[in-house]
Amino acid sequence: MSQVYYDTETYPNCFQLGVLHAHSDYYVEFECSEYRDDSEAMFALLGMLARERVEMIGFNNLGFDYPVLHHLIRSCFDERGERQTRFGVAVAQAAYAKAQMIIEGGDRFGHQIWEADRIIPQIDLYKVNHFDNAAKSTSLKVLQFTMRAPSVEDLPIEPGTFLTQEQCATVRRYMRHDIDETKRFGQLCEPEIAFRRAMGREMTGDVLNWSDVKLGGEYLIQRLGKKLCYFYDDNNDRQPRQTPRESIKVADILFPYLRFNRPECAALLERFRARTITNTKASVSDSVTLNGFQFDFGSGGVHGSAAKRAFHASADTLIIDADVTSLYPSIAIENGLAPEHLGDAFTREYSALREERRRTTKGDPRNAALKLALNGTYGNTNNEWSPFYDPQYTMATTINGQLLLLMLAEQLLDTVPGLGLIQINTDGLTATLPAASRPAYERVCKAWEAETRLSLEFATYRSFFCRDVNNYLAVSTDGKIKAKGAYAYPHTPAEYAGWWHRDYSAMCVQKAVETSLVRGVPVEVAIRDNRDPFDFMCRFKTPRSSKLLHGSAEVQRVCRYYVARPDRGGLPLIKQSPPPEHWYAQPGWYKRKSKIDDKEFAAVMRELGNVGTTWDARVHTANKSTYGDREISVCASARLCNVASDFDWSAVDYEWYIAEAAKLVDVFSAV
């Protein structure tokens, strides 16, 4: 199927559309303004795209660009497809009015054009990558930094501006840059799109625009059947079948084969047994310490870790990692867990998914879909909008999972001579042990697998550098690197997939740390030997309510920079924000004293006429400070490189990068 990439720009007196062919450099742009009227040619192209079912690929196009285009097509043509009188600036005015309704409406679904109603097929890279999730929210400008674009460009002219003819040309150039970067990102997302296209042949719905989480959930829903998962209310609106819970008695969901030998573990089990959960979103917290190692239990799983230590294997000492294969799906399947309203049908289908995945190869798109369906179900059981919602299932899975891992850890510590834990993290644990104790280790693991009906996967490491449970670097015996948190960075372009939302600033630091820990090269040498300028670049994004200042000059909100020597043009990079949004925090008003009672403050302010320009010791700070713009230092000395060619090696503050790398290396003491 043919594809094009596109973008739009909307201003009160100017509407622009740019379209770039997906597999060539052919590009066409249209403008509808008081200076230029391309409306006839633009609608002719849109009509051709509709007739030929050409996919239009964009970034947040389902949330903004396409609803505007759809509105223009519908409002500029009558039911017979005859052109109405709108042209030129009238098209721009109609587009801008619709755009403002979308921006100011506050209803993310109010202007959604559902798949069946779309005149032209759409693929939205924003939705495919789940950037509409608050935790993963990522703009195209941030992606330009991550993709190491030759230039990172922000909107050059403030929205709402009535454009001059020269400004229209500036916006057209900016739009072309955005489309080029959208295409570049789309090419990187081709495996994800191909996967969705393959799944669309056996699933119904807007599959091409579903995130992994959505796709996995819908795959299982369609396997179960929508009649089982949904019902229609009195207004004929579809509603998910669910089992909400006012409270959950933990004693009712604990597996009967949970057992512990140590009194501190048995006491922990009894504390869990006595609990009644009323808020499954809040943390279920507890802890226990065995052999000096603390296990922390929470709503997200069990965690524990050695701190700031480096472990190294030898001929006499092993480092072994044991992870439970598909922990949460396996717990549910082996113990017959199911959302109450779905019952045995869920148990059968969920188990069948696992068996089918075992029979498919990793390159098969169905293998990926089955994995998403298996792993995503757990989260959906605590999602109030999902037909899988039954928080008792969630709690039964996570609480039993944590206690089963504690059971394994206790048995290893009690039975395997010389074993010490390095960390435990949600679905597995890492331990160091004498080589002579390996047979005992394996016996305990096999017995635990037999009792729990769960399977373990093992990996051996030659080194494990553990700052804490969320930040570590491990080197396997075959030389592969496993890193998390402050020590992680993508080694290949494929490793960005699913993690585009992360901040990859100053990647030379992580690269130098890895080189130092794995190969023994001093971080200073590794930093100075790195000749990739993009590895030194950092990014910062400030909201529209704030300003970003480089020295005294305001710069674009998404800014690419590097840490530079002050004597080579480095200037402070500062985020400047307005005062807090409180009625009493007006610019120039005296600041409110901390820890003052609200009633007392309000009473005194009434005496002052609710105006804060009169200082009063009872309610205002002693130093008579006033509200004004707040300034936060982003970088003490930076040079901008939004245009990558502006990077100057002679200006780099190597000492800053070396110090940052040294912080991550110097925390370890070898054992």
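Reply: Helix α12 passes helix α13 in a left-handed crossing, where left-handed means that the near helix is turned anticlockwise from the far one by less than a right angle, and right-handed that it is turned clockwise. The model is a predicted one, in which local features need pLDDT of at least 70 and side-chain atom pairs count only at pLDDT 80 or more, while totals for chains, interfaces and linings use all residues. Residues are numbered from 1 along each chain as its sequence is written, and side-chain values use heavy atoms, with hydrogens and water left out. Helices (H or I, at least four residues) and strands (E, at least two) are DSSP runs, numbered from the N terminus.

Two packed helices are described by the angle between their axes and the distance between the axes. Helix α12 covers residues 343-359 and helix α13 residues 365-380, and the two pack at an angle of about 140° with their axes 9 Å apart; such axes are lines fitted to C-alpha atoms, for helices over the stretch in contact, and angles run from 0 to 180 degrees between N-to-C directions. That angle makes α12 oblique to α13, since angles under 35 degrees count as roughly parallel, over 145 as roughly antiparallel, 65 to 115 as roughly perpendicular and the rest as oblique.

On the α12 side, Phe-346, Tyr-350, Leu-353, Arg-354, Glu-356 and Arg-357 take part, and they meet Arg-366, Asn-367, Leu-370, Lys-371, Ala-373, Leu-374 and Thr-377 of α13, contact meaning heavy atoms within 4.5 Å. Sorted by class, this contact has 6 nonpolar, 2 polar and 5 charged residues (Ala, Val, Leu, Ile, Met, Phe, Trp, Tyr, Cys and Pro count as nonpolar, Asp, Glu, Lys and Arg as charged, and the others, Gly among them, as polar).

Helix α12 also packs with helix α8 (residues 212-224), at an angle of about 120° and with the axes 10 Å apart, and α8 and α12 are therefore oblique to each other. Their crossing is right-handed. From α8 come Tyr-219, Leu-220, Arg-223 and Leu-224, whereas α12 contributes Ala-345, Phe-346, Glu-349, Tyr-350, Ala-352, Leu-353 and Glu-356. These residues divide into 8 nonpolar, no polar and 3 charged.

In an open sheet of 5 strands, the order is β3-β2-β1-β4-β5, with mixed pairing; two strands pair if DSSP finds at least two bridges between them. Its edge strands are β3 (27-33) and β5 (122-124), each of which pairs on one side only, and the twist from one strand to the next averages 25°. Helix α2 (residues 61-76) packs on this sheet, touching β1 (3-11), β2, β4 (55-58) and β5, and its direction makes about 80° with that of β1. Helix α3 (residues 89-105) packs on the sheet as well, touching β1, β2 and β3, with its direction at about 90° to that of β1. Strand β2 (residues 14-21) and β3 pair in the antiparallel sense over 7 bridges, and Phe-15 stands opposite Cys-32 in β3.

As for the whole chain, it has 19 helices and 26 strands, and buried residues make up 50% of its 671 residues, where buried means under 20% relative accessible area, exposed over 50% and partly exposed in between (1.4 Å probe, protein chains only).
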